[in-house]
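Please look over the sequence and the model shown here before reading on. The paragraphs that follow go through the structure one part at a time.

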Amino acid sequence: MGTPHFFQPEKTVVFTGCASPRTHKTKPSILNNPMKLKFKNNTVTKISLTVKPDQLSLFSPLLGQGFTLKLRTGVSVRDLMCRQIGVSDDYLDQRVQTIFLDGKVVDNIDTAVIRQGSTLALSAAMPGLAGATLRRGGAYAAMRSQISHKNNIVYDSAENGTVMLKLFNLVALELGPMFLKQGIWIDGKNLENFFQRVPDSFWDGCLTAEIDGISQNVRKISLMEWKQKLVFLKLN
């Protein structure tokens, strides 16, 4: 099986900043050898921001909208998250309580198969009856059988593919810095909406800004249009 990589085209969008201390341990990630790929009908721009640690939580909504990774597909959820990305088995088993794969709730992470183009959403335990019903392997799982992911056999024919990953609540706060450090692809429209919605304190917490290697006024970035662009974010 080949080594999976994050997407990285000829130009990248980079967020650099000071990460907060990790609250859990993960295995060393192997997602740190980017590939150069060509993207049709997209403009790619390089942005670099240095932000204060207390601003990192503001990126959680952006992670919840989804970001794209290039990984080996045709494997189980556990294989993708633990063997490829490097999240610990204990963290996946204990912290990630709700998992959606292509819109279906996953109960067995060892048999649910990630396909080419799949969307995988991860969440910590959610409150109330809805949270208890969606919790994988929970007592109320039978109540949502129509929206549950059916168990699949994990095929041996794994291949390079793309996966859309979405992170919510505590999972976004805890795993988000790791993914931002490795680098993620997002839609430029989502980035523009993010810049428009963050509070003024976010820009006060941005220490430096660059566009294609050229230093810029931080506030200027908030006024630019990023639609029709493919954005690569990276936190160093």
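Which residues are buried in H6? They are Gly188, Asn190, Leu191, Glu192, Asn193, Phe194 and Phe195, where buried means under 20% relative accessible area, exposed means over 50%, and partly exposed lies in between, with a 1.4 Å probe and protein chains only. Because seven of the ten residues of helix H6 (residues 188-197) are buried, this helix is largely enclosed by the rest of the structure. At its N-terminal end H6 is capped by Asp187, which has a side-chain oxygen 2.7 Å from the backbone nitrogen of Lys189. Such a polar contact is a pair of N or O atoms within 3.5 Å; within protein, one atom must be able to donate a hydrogen and the other to accept it, and residues adjacent in sequence count only if both atoms are side-chain atoms.

The model is predicted, so local features need pLDDT of at least 70 and side-chain atom pairs count only at pLDDT 80 or more, while totals for chains, interfaces and linings use all residues. Residues are numbered from 1 along each chain as its sequence is written, and side-chain values use heavy atoms, with hydrogens and water left out.

The protein has eight helices and 14 strands, which are DSSP runs numbered from the N terminus (helices H or I with at least four residues, strands E with at least two). Buried residues make up 51% of the 236 residues in the protein. Of the contacts with a separation of 6 or more, 84% are accounted for by residues 24 or more positions apart, a contact being heavy atoms within 4.5 Å.

Confidence is the next topic. The mean pLDDT of the protein, the predictor's confidence in each residue on a scale from 0 to 100, is 75, and 68% of the residues reach 70 or more.

The largest nonpolar core holds 55 residues, of which Met81, Leu120, Leu167 and Phe179 touch the most other members. A nonpolar core is a set of buried Ala, Val, Leu, Ile, Met, Phe, Trp, Tyr and Cys residues joined through side-chain atoms within 4.5 Å. Helix H5 (residues 169-182) gives the largest share of this core, six residues. Leaving aside neighbours within four places in sequence, Leu167 is in contact with residues including Ser60, Leu63, Phe67, Leu122, Leu175 and Phe179.

Rings of Phe, Tyr and Trp (its six-membered ring) pair if their centres lie within 6.5 Å, and planes under 30 degrees apart count as stacked, over 60 as edge-to-face and the rest as tilted. By this rule the count comes to eight aromatic pairs. The rings of Phe194 and Phe195 have centres 5.8 Å apart and planes at 45°, so this pair is tilted. Phe194 has a relative accessible area of 7% and is buried, as is Phe195 at 3%.

Charged side chains come last. A salt bridge is a side-chain nitrogen of Lys or Arg within 4 Å of a carboxyl oxygen of Asp or Glu, and the count comes to seven salt bridges. In one of them, the closest N and O atoms of Arg78 and Asp89 are 2.8 Å apart. Because Arg78 lies in helix H2 (residues 77-85) and Asp89 in helix H3 (residues 89-94), the pair ties together parts that are eleven residues apart in sequence. Arg78 is buried at 13% relative accessibility, and Asp89 is buried at 18%. Arg78, Arg83, Asp89, Asp93 and Asp110 are linked in a network of salt bridges.

Arg95 forms a salt bridge with Glu174, with the closest N and O atoms 2.9 Å apart. This pair links distant parts of the chain, since Arg95 is in the loop between H3 and strand S6 (98-101) and Glu174 is in helix H5, 79 residues apart. Arg95 is partly exposed at 33% relative accessibility, whereas Glu174 is buried at 10%.
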